[in-house]
Amino acid sequence: MVPSLFWAATTLLGLAPVVQSTPQGFGLTTSTNTQQQPATSTAATTIVAGASAAAACNNSPLLCSRAYNNVTHMGAHDSAFLRDASTGNSIAGNQFFNATVALSAGIRLLQAQVHDVNNTLRLCHTDCSLLDAGPLADWLAKIKYWMDQNPNEVVTLLLVNSDSKPASTLGASFDSSGISTYGYTPSSTTATTVWPTLQNLISSNKRLVTFIAPLGTASPSHPFLLDEFTYVFETPYDVRSLSNFTCTLDRPSSAGTAASGLAAGMLPLMNHFAYTEITSSITVPNAGDIDTTNAPSTVTTGALGAHANSCNAAWGTKPVFVLVDFYDKGPAVDTADRLNGIVPTGRKSSAGGSATSGSGSARDGGMGARENQPYAGELQRPTGKGGMARDISG
Ligand SMILES: *[C@@H]1O[C@H](CO)[C@@H](O)[C@H](O)[C@H]1NC(C)=O
Ligand SMILES: *[C@@H]1O[C@H](CO)[C@@H](O)[C@H](O)[C@H]1NC(C)=O
Ligand SMILES: *[C@@H]1O[C@H](CO)[C@@H](O)[C@H](O)[C@H]1NC(C)=O
Ligand SMILES: *[C@@H]1O[C@H](CO)[C@@H](O)[C@H](O)[C@H]1NC(C)=O
C-alpha cells in the first residue's frame with residue numbers, strides 16, 4: 001500500500017513533519033484523518049500523532065482554525081464547460097480541465113449552470129443544444145467521490161438555477177448523487193459573518209457549502225441548499241476589457257453598495273474573467289489574454305493579483321470567493337495562496353492546456369456570454385456562423 005510505504009519512509013528518514021501534507025488523489029488522507037495507521041513501533045506511533053496535529057485543511061494546516069469566511073476560496077467559473085477534446089475544443093468552453101482535476105489542483109469553488117431538459121437537470125452552457133455537460137447528478141457524484149477520497153477538504157458549489165427549478169427538484173439530484181451527506185446548513189438563514197472554521201466543517205463531515213442562484217422557496221429536506229444572493233454579493237461578471245475589472249457590487253442590486261453588503265454580513269465574490277466580443281451581444285471567454293488575466297502580478301492592469309489587492313483595499317477584507325476562467329493559467333490559485341498567507345501542500349498541478357486552442361465550430365461557440373447570470377433572457381444566437389471561429393482564433 002502506498003500509505004504504508006509512505007509511513008515507513010518517513011520513519012526511516014526522520015521526516016515526520018512531511019506527513020502534514022495532504023495529497024489529493026493519493027488516498028493518503030483517509031489514513032491521516034482517522035489516525036488508524038497500523039503502528040509497528042513507538043516511533044511510528046509518535047509520527048502518526050504528530051501528523052494529526054499538523055494535518056492540512058484545504059491544502060494548509062494554517063487554514064484549519066480559520067473561519068470559512070476568512071479564507072479566499074479560488075473558484076472555477078463554468079467549471080463543467082470544457083474547452084478540451086470532449087467538446088471539440090469548443091470556444092464556448094471556460095476551462096481546460098474538469099472539476100475534479102480542478103479540485104486536485106487546489107480549486108475549492110465550483111460554479112456551473114443548471115438547466116431542465118425533459119425533466120432531467122443537466123449542466124448546460126447557456127443552452128443544452130450548444131454545450132451539454134451531462135446530468136447534474138452525475139457531475140455531483142464525481143465531486144462526491146473526490147470528497148470521499150479527500151476527507152480534509154471543504155468544497156463550495158455555486159449553481160445557477162437557469163430554469164428556476166424548485167429547491168426540492170435540485171435537492172433530488174443532490175440526493176441521488178450521494179453528496180447531500182456533506183451538505184452544510186448554516187444556523188443563520190440570513191447573511192452572516194459567523195461561519196465555522198474549516199476544521200469544524202471537516203470534523204462534522206459537513207464539508208460542502210452550496211449556493212444556488214436563485215433558490216426560490218427553500219426545501220425543508222434540503223436545508224443545505226442556500227440562496228446565493230442572501231449570503232453572497234458579486235462584482236460585475238460581464239467584463240470585456242482587462243482594464244474594466246472593479247470591486248463594485250453588481251448583484252444583488254438590493255444590497256446597495258459593496259460597503260453596505262459587507263456591513264450586512266454578505267460574503268464578497270470577486271468575478272475575474274473576461275470576454276471577447278464577437279458582436280455586442282455575442283461573446284466568448286477570452287483565452288487569448290488569459291496569461292495576463294490570471295497572473296498573480298499585483299501591478300499589471302487586469303491581473304488577478306492586482307484586482308484582488310484592489311478589492312482587499314476597497315473592502316477592508318479579502319474576497320471570500322473568486323471565479324476565474326481557465327484556472328490552470330496563472331495558476332490562479334497562487335493569488336488565493338498569497339491572500340491566505342499559505343504555502344500549499346498536497347496539490348496536483350494540472351498539465352498546461354493551450355490558451356489558444358479554441359477551434360470549436362461557430363455553432364458550439366459564440367454562446368459564452370453571461371452564463372453566470374441567473375436572470376438573463378435568452379442570448380441572441382449568432383446569425384453569421386462562418387465568421388465566428390475566425391474571429392476567435394485570431
Ligand atoms: C482571519 O485570519 C487571520 C489569520 O489567522 C487573523 O489574523 C484574523 O484575525 C482573522 N480575521 C477574523 C475576522 O477573524
Ligand atoms: C475528470 O477527468 C478524470 C480523468 O478522466 C475523471 O476520472 C473524472 O471523473 C473527471 N471528473 C469530472 C467531474 O468529470
Ligand atoms: C429531450 O426529448 C426530446 C424529444 O423526445 C429529444 O429529442 C431530446 O434528445 C431529449 N433531450 C435529452 C437531452 O435527452
Ligand atoms: C469599460 O467600462 C466603461 C465604463 O463602465 C464602459 O464605458 C466601457 O464600454 C467598458 N469597455 C469595455 C470594452 O467593456
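**Entry 1: the model.** I'm working from a predicted model, so only local features with pLDDT of at least 70 come into my notes, and side-chain atom pairs count only at pLDDT 80 or more.

**Entry 2: F96.** I started with F96, which sits in the loop between β1 (73–76) and α4 (99–104). Is F96 buried or exposed? I get a relative accessible area of 6% for F96, so I put it down as buried, the cut-off being under 20%. I also checked F96 against A85, eleven residues apart along the chain: their C-alpha atoms are separated by 9.3 Å.

**Entry 3: salt bridge count.** Next I went for charged pairs. Side chains of opposite charge can pair when their charged atoms come close. How many salt bridges does the count come to? I got nine salt bridges. I followed up some of them below.

**Entry 4: D132 and R122.** The side chains of D132 and R122 meet in a salt bridge, 2.7 Å from N to O. I traced the two ends to strand β4 (residues 132–135) for D132 and strand β3 (residues 120–124) for R122, ten residues apart. D132 is partly exposed at 34% relative accessibility. R122 is partly exposed too, at 23%.

**Entry 5: R240 and E277.** Here I found a salt bridge at 2.9 Å, N to O, between the side chains of R240 and E277. R240 lies in the loop between β8 (232–234) and α9 (258–263) while E277 is in strand β10 (residues 275–279), so this pair ties together parts 37 residues apart in sequence. For R240 I noted 25% relative accessibility, which counts as partly exposed. E277 comes out partly exposed as well, with a relative accessible area of 44%.

**Entry 6: D337 and R347.** I then looked up the salt bridge between the side chains of D337 and R347, at 2.8 Å from N to O. D337 is in helix α12 (residues 333–340), and R347 is in the loop between α12 and α13 (386–393), ten residues apart. Which class does each end fall in? D337 has a relative accessible area of 6%, so I logged it as buried. R347, with 24%, went down as partly exposed.

**Entry 7: a network.** Last, I looked for charged residues joined in a group. I found E234, D250 and R251 linked in a network of salt bridges.

Technical notes:
Residues are numbered from 1 along each chain as its sequence is written. Chains are lettered from A and ligands numbered from 1 in the order in which they are written. Side-chain values use heavy atoms; hydrogens and water are left out. Helices (H or I, at least four residues) and strands (E, at least two) are DSSP runs, numbered from the N terminus. Buried means under 20% relative accessible area, exposed over 50%, partly exposed in between (1.4 Å probe, protein chains only). A salt bridge is a side-chain nitrogen of Lys or Arg within 4 Å of a carboxyl oxygen of Asp or Glu.
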